[in-house]
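Please study the sequence and the model before reading each solution.

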Amino acid sequence: MDKSIHSDQYRLIIAKIRNRRERMGMTQRQFAEKLKVNQCDVSKIETCERRIDIIELRTICRALDLAFVDFIIEIEEEINNL
C-alpha cells in the first residue's frame with residue numbers, strides 16, 4: 001500500500017480541496033482562518049508537504065461546505081478511474 005504524499009491518489013484529493021477553495025473565491029489565508037490554522041499550514045497541505053489525516057479531511061470538508069461522505073464517494077469514484 002502506497003502511503004506516500006506523492007501518490008496520484010493523494011494528489012487527487014489535495015487538488016480537489018484546492019480547486020474547491022479557489023472556486024469559492026477563498027484565499028489560503030481565509031481558508032486558514034476557517035480551519036483555525038495559519039496560512040503556512042494550508043500552503044503545506046496544498047503543496048503536499050504535509051499529510052492530512054481523516055479528522056483533518058473532515059474539518060476541511062466542513063470549511064468548504066462539502067458533505068464529508070459525498071466528498072469521499074466522489075474521490076473513490078475518481079480513484080477507481082485512475
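Contact means heavy atoms within 4.5 Å. Helices (H or I, at least four residues) are DSSP runs, numbered from the N terminus. The model is predicted, so local features need pLDDT of at least 70, side-chain atom pairs count only at pLDDT 80 or more, and totals for chains, interfaces and linings use all residues. Residues are numbered from 1 along each chain as its sequence is written, and side-chain values use heavy atoms, with hydrogens and water left out.

**Exercise 1.** Determine which residues of α1 and α5 meet, and how the two helices pack.

*Solution.* Step 1: on the α1 side, Q9, L12, I13, K16 and I17 meet F71, E74, I75, E78 and I79 of α5. Step 2: the packing angle of α1 and α5 is about 135°, and their axes (lines fitted to C-alpha atoms over the stretch in contact, with angles from 0 to 180 degrees between N-to-C directions) are 11 Å apart. Step 3: α1 is therefore oblique to α5, since angles under 35 degrees count as roughly parallel, over 145 as roughly antiparallel, 65 to 115 as roughly perpendicular and the rest as oblique.

**Exercise 2.** Identify the buried residues of α1 and what covers them.

*Solution.* Step 2: their cover includes α2 (28-35), α3 (39-46), α4 (54-63) and α5 (68-80).

**Exercise 3.** List the residues that F31 touches, not counting residues up to four places away in sequence.

*Solution.* F31 touches I17, R21, M26, V42, E46, I60, A63 and L64.

Conventions:
Buried < 20%, exposed > 50% of the residue type's maximum accessible area, 1.4 Å probe, protein only.
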